[in-house]
Amino acid sequence: MNLNLTLIGQIGTFLVLWWFTHKYIWPLFSKVAEARRQKIAEGLSMADKAKHSIADAQEESARLIAQAKTQATEIVGRAQKQAEQLVVDARSEAKTAGEREIAAVRDNFEQEKRKARETLRSQIADLVVQGAEKVIGREVKADDHKRLLNELSEKL
């Protein structure tokens, strides 16, 4: 066998095999590789979008948490103000009620005092009339009695 002929046959076979591979097989592999590259690129793009979405969601949740904390602080502040106002109102109401009670007791005391004075005046007037009867030695007439009582009442 001739070495040149074998070498030329191998080169020819290689070239035919290369042409066949390049013409029919390589385009299939290229299409599959390109489709896979596109899927990978889409996956990476989606991953980037997901990262951005997660970052946006985290920022939004942080903003919402801060807003909720602010609202909670405001609500607590309003509740404290309302509680303080209720305490102030209750104190003023209690003070007013106490003043009414004191006024009622004073009015009652004044009424009792007037009743006691009237009773005392009446008793003193009776004693004076009885004393005058004993001193004069006779009974005082009703008109004189009324006049004396009025005079004593005015003086007392």
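This is a predicted model: local features need pLDDT of at least 70, side-chain atom pairs count only at pLDDT 80 or more; totals for chains, interfaces and linings use all residues.
Local features were taken at pLDDT of at least 70 and side-chain atom pairs at pLDDT 80 or more, whereas totals for chains, interfaces and linings use all residues. Residues are numbered from 1 along each chain as its sequence is written, and side-chain values use heavy atoms, with hydrogens and water left out.

The protein contains 2 helices and 0 strands (DSSP runs numbered from the N terminus, with H or I of at least four residues for helices and E of at least two for strands). Helix H1 comprises residues 3-136. Of the 156 residues, 2% count as buried (buried is under 20% relative accessible area, exposed over 50%, and partly exposed in between, with a 1.4 Å probe and protein chains only). The accessible surface amounts to about 14,200 Å², and carbon and sulfur atoms account for 61% of that surface (Shrake-Rupley method, 1.4 Å probe; for residues, only the protein chains shown count as cover).

A nonpolar surface patch of about 1,200 Å² is formed by Leu7, Ile11, Phe14, Leu15, Trp18, Trp19, Phe20, Tyr24, Ile25, Trp26 and Phe29. Patches consist of residues with over 30% relative accessible area and no salt bridge, with like charges joined within 9 Å and nonpolar side chains (Val, Leu, Ile, Met, Phe, Trp, Tyr) within 5 Å; a salt bridge is a side-chain nitrogen of Lys or Arg within 4 Å of a carboxyl oxygen of Asp or Glu.

The model has 2 aromatic pairs (rings of Phe, Tyr and Trp, the last by its six-membered ring, with centres within 6.5 Å; planes under 30 degrees apart are stacked, over 60 edge-to-face and the rest tilted). Trp19 and Tyr24 form an edge-to-face pair, at 6.2 Å centre to centre and with 90° between the planes. The ring centres of Phe20 and Tyr24 lie 5.3 Å apart with the planes at 45°, and this pair is therefore tilted. Phe20 and Tyr24 are both in helix H1, separated by 4 residues, or about one turn of the helix. Trp19, Phe20 and Tyr24 make up one aromatic cluster. Relative accessible area is 47% for Trp19, which is thus partly exposed; Phe20, at 41%, counts as partly exposed, and Tyr24 is partly exposed at 45%.

Ser122 is also located in helix H1 and is partly exposed, with a relative accessible area of 39%. Ser122 and Leu149 are separated by 27 residues in sequence, and their C-alpha atoms are 8.1 Å apart in space.
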